[in-house]
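The sequence and structure come first.

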Amino acid sequence: MRWLLCFVLLMCVSPALAVERGGDCLSCHQQDSANRQLQSSSHAGKLGCGDCHGVDHDAIDQGDSYVSVDVCGRCHALQLKEHRKSRHGMGLHAGWGCTRNTAGRDKQDCGFCHQQGDSQPISTVQCARFLKQSSEMRQIGCNRCHMVENSCASCHGNHLTAAKIVQDPLVCAKCHMGPDHPQWEAWKTSQHGTLYQSVGASDAPTCQTCHMPQGTHNVSGGLTAPPSGKPYAKEKAEKQRAMMIDLCKNCHAAGFAARDLKNADVVRLQTLGLVEEARKIIRDLDDLGLLDPQPKGRVEHPQRGSELVLDGAMLYEDISHIESLFFRLNKYAAAKTFKGAYHQNPDYTHWYGNAEVKLLLNDIKGEASRLRERGGQVQLPQNAQQEEKVLEVLQNRFKRGELSGDEYAEKKRQVLEQILQ
Amino acid sequence: MRWLLCFVLLMCVSPALAVERGGDCLSCHQQDSANRQLQSSSHAGKLGCGDCHGVDHDAIDQGDSYVSVDVCGRCHALQLKEHRKSRHGMGLHAGWGCTRNTAGRDKQDCGFCHQQGDSQPISTVQCARFLKQSSEMRQIGCNRCHMVENSCASCHGNHLTAAKIVQDPLVCAKCHMGPDHPQWEAWKTSQHGTLYQSVGASDAPTCQTCHMPQGTHNVSGGLTAPPSGKPYAKEKAEKQRAMMIDLCKNCHAAGFAARDLKNADVVRLQTLGLVEEARKIIRDLDDLGLLDPQPKGRVEHPQRGSELVLDGAMLYEDISHIESLFFRLNKYAAAKTFKGAYHQNPDYTHWYGNAEVKLLLNDIKGEASRLRERGGQVQLPQNAQQEEKVLEVLQNRFKRGELSGDEYAEKKRQVLEQILQ
Amino acid sequence: MRWLLCFVLLMCVSPALAVERGGDCLSCHQQDSANRQLQSSSHAGKLGCGDCHGVDHDAIDQGDSYVSVDVCGRCHALQLKEHRKSRHGMGLHAGWGCTRNTAGRDKQDCGFCHQQGDSQPISTVQCARFLKQSSEMRQIGCNRCHMVENSCASCHGNHLTAAKIVQDPLVCAKCHMGPDHPQWEAWKTSQHGTLYQSVGASDAPTCQTCHMPQGTHNVSGGLTAPPSGKPYAKEKAEKQRAMMIDLCKNCHAAGFAARDLKNADVVRLQTLGLVEEARKIIRDLDDLGLLDPQPKGRVEHPQRGSELVLDGAMLYEDISHIESLFFRLNKYAAAKTFKGAYHQNPDYTHWYGNAEVKLLLNDIKGEASRLRERGGQVQLPQNAQQEEKVLEVLQNRFKRGELSGDEYAEKKRQVLEQILQ
């Protein structure tokens with residue numbers, strides 16, 4: 001028994017033994033790039049293959065042995081805790097749901113959400129856009145970024161662990177780029193990013209400087225505007241903002257930084273106003289049955305059936321042309337406006353963002369005009385059938401909170417009077 | 001008196017005293033990034049805080065003390081003179097106008113255009129697009145670039161002054177990028193830019209090599225095509241071209257360089273022809289009242305009221321769909337074609353530029369066809385009312401110089417005869 | 001005679017004499033950048049100006065002496081052979097054809113396709129898009145990339161020859177970028193590209209690592225999907241794939257690499273399915289005469305006259321709006337989906353690619369709906385004239401292989417019966 005205890009303790013602390021556990025692997029995998037990278041890493045001499053991959057060779061070979069965040073968390077407990085508190089680790093509201101019942105499900109995907117052999121998911125939120133994709137697109141297009149929830153390797157790589165990899169903004173760029181959230185591009189061509197590239201990190205902030213201060217793995221500190229529509233409560237938002245300004249103060253006067261971020265807040269709200277203007281145009285067309293095609297005539301939304309979806313669960317496929325324009329306005333151009341402003345990039349804020357939002361709003365208004373003309377003048381009730389339509393529209397507006405209970409009652413009364421005349 | 005004179009002279013020449021003027025500041029701001037950067041700069045030991053910022057602490061704190069180009073010009077007189085002769089410093093035809101009478105005016109803006117306490121503006125040109133934006137968008141989206149007129153810090157930064165910052169093309173990239181003028185992107189992926197990144201500046205030109213030869217701050221030397229439509233007079237254009245070819249000769253045969261730039265000139269003219277074709281389609285629709293909506297039914301243009309504006313003062317908001325397409329064609333795609341050609345970038349010239357101009361021209365023609373069908377056959381006059389419309393159209397064309405006086409008189413006579421029949 | 005033989009041999013092997021042949025040149029061109037670069041290159045002391053450029057000064061000055069791949073091939077025979085076997089050298093299916101009979105032909109172009117004084121072209125394939133452009137656009141927009149067939153300098157530069165130029169992915173970026181094939185952008189922001197930029201080539205593959213293994217100049221090894229629609233035969237495709245996986249194995253498990261590339265294959269096929277869905281919508285509209293304008297009412301296609309062209313010879317000019325949308329879907333968005341997937345880039349695969357394909361498909365369906373409504377209900381035959389139209393449509397579908405011979409015969413019989421009733 002004393003020997004056993006001694007052995008267990010040794011297993012936990014002895015680098016030599018840990019390496020031994022990889023001993024069998026190395027008889028075949030000595031020359032592998034993985035081993036070469038491991039040996040050049042800070043894990044060299046401390047970890048063997050089996051420490052992370054386990055020792056079931058068949059399982060590893062079949063892709064059934066996933067190196068989850070829990071494996072790394074055995075040693076890096078603080079970092080795991082911080083990661084789990086951040087957007088990177090907190091259920092991925094824009095991530096993926098269980099794909100058990102969808103066609104073409106790939107067993108590989110399970111490891112992102114479940115611990116080996118555990119039916120309790122780490123992530124339970126479903127993403128409508130994910131559910132609409134093929135298994136292959138999910139893997140190459142969605143999971144390669146959203147796996148971050150359960151994969152330290154997303155940023156750290158599998159075996160290299162070189163600090164200069166994870167201190168380079170490019171490690172963030174892999175995912176934080178593109179039409180929907182070009183944070184990397186906006187930073188890269190901002191005063192901050194260009195200075196970094198010219199003179200290095202000592203005089204210019206990287207992604208990590210502001211979003212991972214003191215090396216924290218909670219990347220969400222200092223953010224006041226979550227990606228979903230619902231903002232933080234005032235108190236939390238103020239606390240988060242104070243955290244960010246505290247960082248800005250390393251280089252800027254606090255007042256300057258506060259004004260700059262406040263301007264970005266206002267730009268965000270102004271832009272959300274334009275998004276809402278566009279959304280309302282499309283909702284009104286839907287109320288009047290004027291979309292082409294109407295939601296009822298399409299492939300069903302995987303979560304909301306034949307409802308018109310213009311919020312975070314909006315799809316980019318199987319929608320009408322005017323919704324297609326709205327998707328670009330909301331998901332691409334508006335996002336560039338905010339993210340450009342918060343990253344101090346005039347070109348993203350103004351040209352890629354603001355100008356594009358407004359150009360697309362023109363296009364949406366033009367298409368709405370066409371759709372209304374196409375549908376004929378259905379705005380004014382002329383017979384009972386149309387009045388019933390108007391009642392339905394009023395009800396929709398009441399449900400969405402656009403009409404108060406009293407307003408709804410009064411308007412409804414007026415319409416019913418017309419019918420009864 | 002002799003003492004006073006002595007003191008004044010000392011104030012002008014003594015670095016020691018100058019630093020002293022910052023003495024008070026440093027008792028609080030010693031550890032500030034600004035001071036740290038200043039001390040590592042070429043100004044270290046020569047300038048103190050107050051030399052640039054003045055000594056009125058309240059004014060500085062309230063953002064009322066702007067470090068204008070004149071402050072830097074006290075020592076860097078030649079550079080300021082060159083800057084003022086260049087597009088960077090000459091009134092910013094695409095810049096901003098006085099915002100005194102617009103809502104939400106920000107006092108901070110004043111410093112860009114006015115010297116402290118002076119009502120005479122440095123810049124008097126108004127930009128319609130600027131006037132349409134919110135105060136916050138103006139600051140983050142417009143002024144952050146256009147402040148270059150009155151801010152050396154736009155390029156040099158506030159305190160660093162490191163030569164490698166301003167010799168790096170990235171210092172230009174911050175503003176000379178994006179959908180409307182991607183000079184940086186075009187250079188970066190051209191033969192010139194890729195060579196620079198592979199082997200350095202000794203064998204490849206940067207922005208500065210061609211646009212700031214011998215370190216001049218007149219960045220407009222060698223340019224033959226101003227951003228506005230109106231080209232330089234032949235003599236000036238030839239002189240400017242000769243200046244540029246003189247630079248090309250450092251690496252290329254003069255004949256090769258001249259042919260290459262001449263080709264770009266022709267590409268520019270050909271593209272302007274396509275822009276004009278698109279513009280004419282929209283003007284004709286406006287003449288016939290077929291835009292949806294017509295300018296008269298919209299929010300007024302801040303400078304031209306309910307006129308159709310398709311020139312440099314064109315807005316991207318509150319316009320019809322077909323104008324939205326034209327904005328993209330003219331301001332984005334055509335600009336990429338020229339700038340791609342002048343920067344020797346095949347992808348910008350052809351795919352981002354030429355192909356996109358022509359794709360958008362298809363879209364404009366398709367929309368024009370729809371608008372004409374929607375409006376019915378109003379091309380041929382069938383009664384006096386329509387003939388009056390035709391007279392108005394003829395008058396518009398005459399005003400725009402599309403008809404000579406004689407042509408206008410003749411056509412007008414024909415229409416009037418028809419009415420009197 | 002013995003002296004002559006001796007002289008000839010010396011000409012072939014003596015570096016000293018070769019340099020001498022440049023002696024005359026250097027009396028004027030000593031200080032030229034070209035000479036300076038040559039002297040710093042690996043050709044220094046081995047080649048003189050005349051070795052590549054010839055000694056006819058007038059011809060050189062007039063641009064009549066083109067340094068073709070054959071000139072370099074005199075010494076670099078293996079590389080030339082490999083180059084000619086690759087897509088870079090094999091007739092450029094997406095390249096250009098003889099421009100002898102097109103207006104504005106530039107003599108400079110001849111050198112790309114013909115050896116000096118030889119009427120036999122190296123390249124005989126015509127590119128419709130090339131034929132539609134002005135001479136200047138061909139030179140700046142098309143030939144600057146497609147000249148690679150007959151110009152080693154496309155990648156190696158004219159005089160520098162530094163290995164670090166051609167080992168840098170930027171040398172590929174110059175052409176392999178942009179809306180139609182952003183291989184460089186996809187690589188650059190992938191795990192591979194970001195690692196390369198963070199830690200260098202030892203732990204991350206460049207373009208050259210996978211596409212020019214062991215320095216081969218056959219850049220097409222390992223590719224299974226040619227740019228044209230027609231895929232390789234199964235056996236060849238499998239052999240090419242095996243070549244690529246062999247390279248992946250330097251860093252990855254073969255099974256992992258095979259699965260990843262297989263996923264990309266599937267994504268490609270799924271995307272081609274969406275492309276075909278869009279293509280069919282437009283072909284059907286053409287069959288029914290509902291395009292606006294129809295191909296018959298337009299400037300003729302330079303190769304196919306008034307036929308509707310939606311394949312690799314499709315133009316981006318003189319087409320209808322719905323075709324304009326299809327061009328963007330097929331040539332831009334679908335290409336990004338494939339190339340993003342094969343280069344392990346989630347943002348290009350999903351957002352720039354897949355999402356854009358599907359958004360454009362919405363737009364195409366919306367426009368098709370409008371065109372069908374505009375054309376009236378012509379789907380059902382109601383009189384002999386319409387039945388003739390149906391017969392024409394059936395014939396088109398049979399010609400395109402959408403109907404078998406039997407199906408065509410049966411459907412034709414049914415329609416003829418209707419006419420004869």
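The notes below go from model basis to packing and contacts.

## Basis

This is a predicted model, in which local features need pLDDT of at least 70, side-chain atom pairs count only at pLDDT 80 or more, and totals for chains, interfaces and linings use all residues. Residues are numbered from 1 along each chain as its sequence is written, and chains are lettered from A and ligands numbered from 1 in the order in which they are written.

## Helix pair in chain A

Helix H18 (residues 234-248) and helix H19 (residues 254-287) of chain A pack with axes 9 Å apart, at an angle of about 130°. Helices are DSSP runs (H or I, at least four residues) numbered from the N terminus; axes are lines fitted to C-alpha atoms over the stretch in contact, and angles run from 0 to 180 degrees between N-to-C directions. H18(A) and H19(A) are therefore oblique to each other, the class left after under 35 degrees (roughly parallel), over 145 (roughly antiparallel) and 65 to 115 (roughly perpendicular).

A:Arg241, A:Met244, A:Ile245 and A:Cys248 of H18(A) meet A:Ala254, A:Ala257, A:Ala258 and A:Leu261 of H19(A), contact being C-beta atoms, placed from the backbone, within 7 Å. By class, this contact of H18(A) with H19(A) has 7 nonpolar, no polar and 1 charged residues. Ala, Val, Leu, Ile, Met, Phe, Trp, Tyr, Cys and Pro count as nonpolar, Asp, Glu, Lys and Arg as charged, and the others, Gly among them, as polar.

## Chains C and B

Chain C gives 34 residues to the contact and chain B gives 31 residues. On the chain C side, H11(C) has the largest share, 8 residues. That side of chain C, touching chain B, has 16 nonpolar, 9 polar and 9 charged residues.

Terms used:
Helix = DSSP H or I, 4+ residues; strand = E, 2+ residues; numbered from the N terminus. Contact = placed C-beta atoms within 7 Å.
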